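Student: I am new to this structure. Please take me closely through one part, the place where the two chains meet, and then show me some of the packing within the chains.

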Amino acid sequence: MVVAAATGTSRASAARRLIGQGGIYGALVALAAGLALLEPAFLTGENLQNVGRQTTLLAVSSFAMTFVILTGEIDLSIGAVASLVGVLVAKCLGADVPWVPAVAAGMAVGGAIGLVNGLIIVKGQVASFIVTLGMLSVVSGLALQITQGSTVGFESDAFRSVFATGTLLGVPAPVWVGVALFGVLHVVLRHTRFGSDVYATGGDAQAAGLVGVRVDRTRVLVFVLSGVMMAVAAAVLTARVGNARPDAGVGLEFDAIAAVVIGGTSFSGGRGSLMRTVGGALLIGVLNNGLGLLDVQYYAQLIVKGAIIVIAVLVDRRTRWNSS
Amino acid sequence: MSARAAASAEVGARPEARATVRGAAVRAGGPVLAIVVLVVVFSVTSPFFLTRTNLEGLVTSAAPLLVASCGLTFVILLGDIDLSLGAVVALAGIVVAKLLKTQYWEVSVVLGIVFGAGVGLLNGAVTVFGRIPSFIVTLGTFSVAQGVAIGITGNNAVPVFDEAFLSAFAGTGPLGVSLPIVYVVAVAGACAIVLRRTVFGQELVAVGGNDAASRLAGIRTRRTRLTGFVLAGALAGFAAVLLTAQLGTGIVNGQANLTLNAIAAVVLGGTSLMGGRGSVLGTVAGALLIATLSNGLTLVQASSYLQQAITGAIIILAVLLDRRLR
């Protein structure tokens, strides 16, 4: 990936990658254009800010999921981690802890859960699917137990301003948070040893191990990253709602997986990018916003979302993977 | 226990069949051992645990999970997964509850099972002919089924008043045995026989183990995979019938745990998520383990929140232990 354009074939594959990404962004532009025609309220500054706020949570969650899926693994515990960290951060804020240490503590907890996931998967040689499924149960049970099932309230204008309500240059603050994370993670994925290890591990772990890629270390780190990123997602979620419910993150894992896969990252690992995931998250975000504006009921939104997941992957497979 | 009984009943069968049965017994060994430990612990902590009423209630309330997990075993043996299971069971239950208002209960039940099989066919067809991972396909149908369920009910439960239906699927039969237990034994037995004693069952395991090699060996792999999905769907439909009778209503939500518990039951039972290796009896043991845990924790008055956390931890530990033992 890093040495693309070195040879004719990799130039061709780079071109194919661009066309593939064009697919998701083409669909996004078409959807936005259609919505703008159907509903004038869509293209107003206020609504676009809403789209940004709503999509940030999904985008941040799916950044982490992109790393996990690129290594050929899956993390089903992220929604539960977001719930638990949200509760902890809200409790800290409620005890008058400033938001920076509160969020940092949340990141430490998220990272620790990710570390446990990663170590069990690597050392125990158990499928990440079943480990993170068990962890989903453990973590959401803990979140419910800590709160006894009730909502945790807090007062912190600074926290809410940074992760939800504030704006900078007309763009909502959480969008800036998302953009900054994207920038950092994009560089990490494309231009660091860890990033190329992620692709190599997902492409062919055995071969990667033989040529000196630190496969196990990469796998563990990816799950730690996932946990840390979900703390940011939890901050965005908690700040937007203004309180923390112990089940606030339920289902987030499925939305994140959908965004990654709709973006066109290969579910079997090794192929994909964060740029694609942003496209996938935006597509889901714009779609949800548009369906809401058009007064389409929630149940119909669920049906449309389900259909789009399958159709996007079907189209993607037809246009891209068959040719390679 | 059932696994050992089956294994001893099989002594004297063809050597290769005996080997597979022994393999199945070993695979089910982990959860069976865990169940024994749990039974001892819970009988010490609660005098009520080892009563017939409680044990019967334990299996009866786990009947929908047991039936759905037996079906899911076929899908996982293929190396596939079904994330839509809980949503489909909920939706099929609503379909049955709605039909019961106007139809004979026999008709409603058959249509409920056919509906489940239809969803299984849809999942299987898109997975097999679209050549996309079943994880993605069933993630999609999960969302769609949820949407349809909310759409047709307006998010309200659908009560069932048909006494004949309730007594047929939640009542007690001859000798005072709870009927759901009878259905569970019948379904698990039939699934085990289909898997071990039929050409289809052997082909299913072969396809799950190595699709390309199976095709070269002359197995119509697409048909086998489709059939596996349809069977699992039909059993999800039957699980919905049992659940609806048990609850007395068709409910929209609350079946998210069913998907997780069913997958955990199959994996705890020693069936490989990669496909090609596993058994129905193992799944039964896995599901009973989850049910025993939930029952015992309720008896010792652990909160439902703690139960959830402990169940997750036990799933991870059991799978880890299983990996160590092999």
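Tutor: Start with the interface. In this predicted model, 39 residues of chain B are in contact with 43 residues of chain A. Contact means heavy atoms within 4.5 Å. The area buried between chain B and chain A is about 3,400 Å², and carbon and sulfur atoms give 79% of it. Buried area is the accessible area, taken with a 1.4 Å probe, that two parts lose on being put together, summed over both.

Four helices of chain B each supply at least two residues of the side that touches chain A: α6 (105–130), α7 (134–153), α13 (256–268) and α15 (304–325). Helices are DSSP runs of H or I, at least four residues long, numbered from the N terminus. The largest share, 13 residues, comes from α7(B). By class, this side of chain B has 27 nonpolar, 9 polar and 3 charged residues. Ala, Val, Leu, Ile, Met, Phe, Trp, Tyr, Cys and Pro count as nonpolar; Asp, Glu, Lys and Arg count as charged; the others, Gly among them, count as polar.

Across the interface of chain B and chain A, the rule finds 0 salt bridges. A salt bridge is a side-chain nitrogen of Lys or Arg within 4 Å of a carboxyl oxygen of Asp or Glu. Over all chains, the count comes to 9. Within chain A, the side chains of A:E73 and A:R219 form a salt bridge, 2.8 Å from N to O. This pair links distant parts of the chain, 146 residues apart. A:E73 sits in the loop between α2 (45–70) and α3 (78–94) of chain A, and A:R219 in helix α10 (residues 215–241) of chain A.

A:R219 also takes part in a helix contact. A:F194, A:D197, A:V198 and A:T201 in α8(A) meet A:V215, A:T218, A:R219, A:L221 and A:V222 in α10(A). The axes of α8(A), residues 193–203, and α10(A) come within 9 Å and cross at roughly 105°. Axes are lines fitted to C-alpha atoms, for helices over the stretch in contact, and angles run from 0 to 180 degrees between N-to-C directions. α8(A) and α10(A) are therefore roughly perpendicular to each other, a term for angles of 65 to 115 degrees.

Last, how the model is read. Residues are numbered from 1 along each chain as its sequence is written, and chains are lettered from A in the order in which they are written. Local features need pLDDT of at least 70, side-chain atom pairs count only at pLDDT 80 or more, totals for chains, interfaces and linings use all residues, and side-chain values use heavy atoms, with hydrogens and water left out.

Key. Angles under 35 degrees count as roughly parallel, over 145 as roughly antiparallel, 65 to 115 as roughly perpendicular and the rest as oblique.
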